[in-house]
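These are my notebook entries on one protein chain, written while I looked things up in its structure.

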Amino acid sequence: AFGGKLRARISNEDRQDKRTWDAAGAASEISLAQMSDALDLTDRASGSLHACKFTFRGESTNLREATATLWAEVTGLTWRDRTADTIMIGASLYNRQVQVEQLFVKQRNNQFTLSGESALPQKWSDWLNPDFHGEIVASINDLGDFARLFGASASDFAGKIDIAGNVNARERKLAGH
């Protein structure tokens, strides 16, 4: 699929009024350009989903009771005017907790690593108001270029940042040490 390999096992079980899904799969060397073309995206992406593994077990209508894992590595990402050499994520959902084992972003001379956990929000509107705590390590040598990756204007940011510590987000307020 899309120039690479994709394997998945998906099944479901119906009991009373509930449908429990069980999915597991892996992907490698998936072309983001081919995927963009196939999905007819207006803003084409390029790069590769180098490797990915995922699992999910639960009801699609009740994610709070589901369990899931994801590990993925994207290489050579380009989308709009944004670029990254490598993006890796490892995360799991269990017992209403989202555990981010690692979010790693490498962009030329910039590196950013985040790990931590957050409770799954009670309602969808609470996604904008996360309760998150974790560890952060970053060496950002071109803050403008790094900010552009997340949608900001590069001209609004300049300088370097080195970070090693913890971060907390609660009620739309960010804090840390």
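**Entry 1: a salt bridge to begin with**

Which residue forms a salt bridge with Asp43? I found that Arg80 does, with the closest N and O atoms 2.8 Å apart; a salt bridge here is a side-chain nitrogen of Lys or Arg within 4 Å of a carboxyl oxygen of Asp or Glu. The pair links distant parts of the chain, since Arg80 lies in the loop between strand 4 and strand 5 and Asp43 in the loop between helix 1 (32–38) and strand 3, 37 residues apart. I noted that Arg80 is partly exposed at 49% relative accessible area, and that Asp43 is also partly exposed, at 29%; buried means under 20% relative accessible area, exposed over 50%, and partly exposed in between (1.4 Å probe, protein chains only).

Before going on I wrote down what I am looking at: this is a predicted model, in which local features need pLDDT of at least 70 and side-chain atom pairs count only at pLDDT 80 or more, while totals for chains, interfaces and linings use all residues. Residues are numbered from 1 along each chain as its sequence is written, and side-chain values use heavy atoms, with hydrogens and water left out.

**Entry 2: the other salt bridges**

By this rule I count 9 salt bridges. One of them joins the side chains of Asp37 and Arg44, at 2.9 Å from N to O; Asp37 is partly exposed at 47%, and Arg44 counts as partly exposed at 47% too. Another is between Asp131 and Arg170, at 3.1 Å from N to O. This pair also links distant parts of the chain, with Asp131 in the loop between strand 7 and strand 8 and Arg170 in strand 9, 39 residues apart. Asp131 is partly exposed at 33%, whereas Arg170 is exposed at 52%. I also found Arg108, Asp145 and Arg148 linked in a network of salt bridges.

**Entry 3: the fold**

How many helices and strands does the protein chain have? I read off 2 helices and 10 strands, where helices (H or I, at least four residues) and strands (E, at least two) are DSSP runs numbered from the N terminus. From the N terminus on, the elements run β-β-α-β-β-β-β-β-β-α-β-β.

The 10 strands form an open sheet in the order 1-2-3-4-5-6-7-8-9-10, with antiparallel pairing; two strands pair if DSSP finds at least two bridges between them. Strand 1 (5–15) and strand 10 are the edge strands, each of which pairs on one side only.

I then followed a few of the pairs. Strand 5 (residues 82–94) and strand 6 (residues 97–107) pair over 9 bridges, and Gly90 stands opposite Gln102 in strand 6. Strand 8 and strand 9 are likewise joined by 9 bridges, and Ser139 has Asp162 in strand 9 as its bridge partner. Strand 9 and strand 10 (residues 173–176) share 4 bridges, with Asn168 opposite Ala175 in strand 10. In the hairpin of these two strands, which has 2 residues between them, Glu171 takes a positive phi near 50°.

**Entry 4: the interior**

Of the 177 residues of the protein chain, 32% count as buried. The largest nonpolar core has 13 residues, of which Val105, Phe112, Leu114, Phe132, Ile140 and Phe146 touch the most other members; such a core is a set of buried Ala, Val, Leu, Ile, Met, Phe, Trp, Tyr and Cys residues joined through side-chain atoms within 4.5 Å. Two or more residues come from each of strand 7 (110–119), strand 8 (132–140), helix 2 (143–149) and strand 9 (161–170), and strand 8 gives the largest share, 4 residues.

I picked out Phe132, which, leaving aside its neighbours within four places in sequence, is in contact (heavy atoms within 4.5 Å) with residues including Leu114, Ser115, Val167 and Ala169. Apart from this core lies another, of 9 residues, among them Ala45, Leu49, Cys52 and Leu77.

**Entry 5: a buried charge**

Where is Glu59 placed? I located Glu59 in the loop between strand 3 (45–58) and strand 4 (67–79). Glu59 is buried yet has no salt bridge, and the nearest side chain of opposite charge, Lys18, is 4.3 Å away; Lys and Arg count as positive and Asp and Glu as negative, while His and the chain ends are not counted. Not counting residues up to four places away in sequence, Glu59 touches Lys18, Arg19 and Thr20.
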